[in-house]
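Reader: I am new to this structure and would be grateful for a close look at one part of it. Please begin with any term that I shall need.

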Amino acid sequence: MRKDEILQTEKSIALLKHTFATKLSEALNLFPISSPMLVNEGTGINDDLNGVEKAVSFPVKALSSNAVIVHSLAKWKRIRLQELELPLYEGILTDMRAIRADEEYSPIHSIYVDQWDWELRIAPHNRCLSYLKMIVRHIYQAIRDTEAVASQTLHIEPVLPSTLSFIQAEQLLQLYPTLSPKEREQAIVKAHGAVFILGIGHPLSDGQPHDGRASDYDDWSTPTEEGYHGLNGDLLVWHPVLEQAIELSSMGIRVDQETLKQQLEITQTTNRTKLLYHQLVLNDQLPLSIGGGIGQSHLCMFLLRKKHIGEVQVSLWPEAVRAQATSQQIHLL
């Protein structure tokens, strides 16, 4: 890739990131704040993702405990909401940088993660499916508005449908019973262009969740309409160049006292109740909230129609990955 091409890509990334962050903040009433790359180990504050990924941990001379590089700020943001004493329907937006050392390399995955992490304070009556869908639609509209800017300034043809489709994870299983969860995602997103899959984390009728979710931040166990479960989900869109689905956001209404207890029991992780974060939730010392992460590189990769995540972010790549990209005439940053 020539120098002028790299600079143009970087300018386009900066434009899209600024546009989306502005649109999202306006839509959800979010205030930009600073955030950590490190948290103390053993507090339960770091995001456990699927519950099996190991965080990068190292000793710090001045601390009695190890520090860990965050996976995301799913739980830290809720503590920050309380510390800032924000009123109802105001929230925070932060520019998160993380390392997920256990991540498998692929054209859409890297060990380096950059995302907008956001959290919004809500009332008890907002802990319902209709409120979740309303917030998701606001986020989707911000994505469409950013795609419109890409169309106007970068002359990239828009592809997102005007309406976002919603489907329960259990409905998706019933629709494609012979496919794996990832194959089901590909099929539904190819058919509709943009889909939000609801209820990720709760066991489905086949005994398995659609995908793993840690037990202590998203509420994936609350019963909803028609016997389904979960006040959370993933937003995926169809990438027209890669011809595959790509996840842009994972989000949800956060656990309260009762759902945290329930999910710890379902996942057989009740030993975590002694951790700092879990004690704060169980003692009703944190505000009720909704929040999530929106991948910056994934969004830019989609909007700029890039074939590899390494075209929109700088990361570490095995030589085999670099060689394969070169053979496909893909130039990694």
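Author: A helix here is a DSSP run of H or I that spans at least four residues, and helices are numbered from the N terminus. The model under discussion is a predicted one. Within it, helix 8 covers residues 296-303, and histidine 298 belongs to this helix. Histidine 298 has a relative accessible area of 14%, and because buried means under 20%, this residue counts as buried. Leaving aside residues up to four places away in sequence, histidine 298 is in contact with Ile108, Ile246, Glu247, Leu248 and Ile309.

The sheet of this model may now be described. Eight strands make up an open sheet of mixed pairing, and their order is 1-5-6-11-10-9-8-7. Strand 1 (30-33) and strand 7 (165-168) are the edge strands, each of which pairs on one side only. On average, neighbouring strands of the sheet are turned by 25° against each other, direction ignored.

Inside this sheet, strand 5 (residues 91-99) and strand 6 (residues 112-121) run antiparallel and are joined by nine bridges. Methionine 96, for example, has glutamine 115 of strand 6 as its bridge partner.

Two further helices meet the sheet. Helix 3 (residues 129-154) packs on it, touching strands that include strand 8 (194-198), strand 9 (232-239) and strand 10 (244-253), and the direction of helix 3 makes about 135° with that of strand 10. Helix 2 (residues 76-84) lies across strand 1, strand 5, strand 6 and strand 11 (289-295), and runs at about 40° to strand 6.

Terms used: Residues numbered from 1 in each chain as written. Predicted model: local features only at pLDDT ≥ 70, side-chain atom pairs only at ≥ 80, totals over all residues. Heavy atoms only, no water. Pairing = 2+ DSSP bridges. Helix = DSSP H or I, 4+ residues; strand = E, 2+ residues; numbered from the N terminus. Axes fitted to C-alpha atoms, helices over the stretch in contact; angles between N-to-C directions. Contact = heavy atoms within 4.5 Å. Buried < 20%, exposed > 50% of the residue type's maximum accessible area, 1.4 Å probe, protein only.
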